[in-house]
Amino acid sequence: MAKINLLPWREERREQRKKEFVAVSAGVAVLGLVLSALVWMFFNQQLDEQNQANQSVVAANQQLDQELKALDGLQARRDEIIERMKLIQDLQGVRPVIVHVFDEVSKLTPEAMYLTGFSRTGDKFAITGKAQDPNVVSDFLRNLGSSPWFRNAFMSSFVAAEVKPQQQGAVAPRAEDNYGTFLVTVDLGDMSTILAAPENKAEVAQ
């Protein structure tokens, strides 16, 4: 005898498919959430690593800036030391030159003349003294001009002494009392020429 199913099988099948659809949708949603969480965690980790790398770069740049500032300070200190050493060397080099300049002036001073003052401004000297007459000063200028230590010798002034009449019984005046007063200017000679002479080079080096 045949069996006939009188239950609403279509509705039952629809309910079953609906349940399957809901289950599949829920699974897809859960899978999507899981994937989204994994992607978020991945990019968050990448972002953290990038932030750490950026912080490391910033820290390295700050340290490099400090080192560069320290180097700038060392460079300035080095330049200052070099400048002081150069100044000391220049002073040490000038001292023997002045000594030889005085020695040369004493050798070039003629008789009937004596010096009362000697000053220097840069490479220019001013020499004051007393001489018997302008001709003696001219001899002094020629002597200065012939020396490699000097150049551009010039007599700026010569003032003759006032001759006073001698009184009876008074001590006879010295010849130097009748000397006129002069002012001579002269420049220091070319040091390269002076040092080129072996004898002068040896003297300055002492």
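Student: Which side chain does the side chain of N152 make a polar contact with?
Tutor: That of D187, at 2.9 Å. Bear in mind that this is a predicted model.

Student: Is D187 buried or exposed?
Tutor: Buried. Its relative accessible area is 15%, and the cut-off for buried is under 20%.

Student: What is D187 in contact with, leaving aside neighbours within four places in sequence?
Tutor: D123, K124, F125, W149, F150, R151 and N152.

Student: F125, okay. What stands opposite F125 in β2?
Tutor: R120. Strands β1 (residues 113-121) and β2 (residues 124-131) pair in the antiparallel sense, over eight bridges.

Student: And which residue in that hairpin takes a positive phi?
Tutor: G122, near 65°. The hairpin has two residues between the strands.

Student: Switching to α2. Which residues are buried there?
Tutor: V136, V137, F140, L141 and L144. Seen down the axis of α2, they fall within an arc of 145°, so they line one face of the helix.

Student: Why would residues three or four places apart point the same way?
Tutor: Because an α-helix has 3.6 residues a turn.

Student: What exposed residues does the face turned away from the buried side of α2 carry?
Tutor: N135, R142, G145 and S146.

Student: What happens at the start of α2?
Tutor: A side-chain oxygen of D133 comes to within 2.9 Å of the backbone nitrogen of N135.

Key
Residues numbered from 1 in each chain as written. Predicted model: local features only at pLDDT ≥ 70, side-chain atom pairs only at ≥ 80, totals over all residues. Heavy atoms only, no water. Buried < 20%, exposed > 50% of the residue type's maximum accessible area, 1.4 Å probe, protein only. Helix = DSSP H or I, 4+ residues; strand = E, 2+ residues; numbered from the N terminus. Arc of directions from axis to C-beta. Polar contact = N/O pair within 3.5 Å; in protein donor to acceptor, adjacent residues only side chain to side chain. Pairing = 2+ DSSP bridges. Contact = heavy atoms within 4.5 Å.
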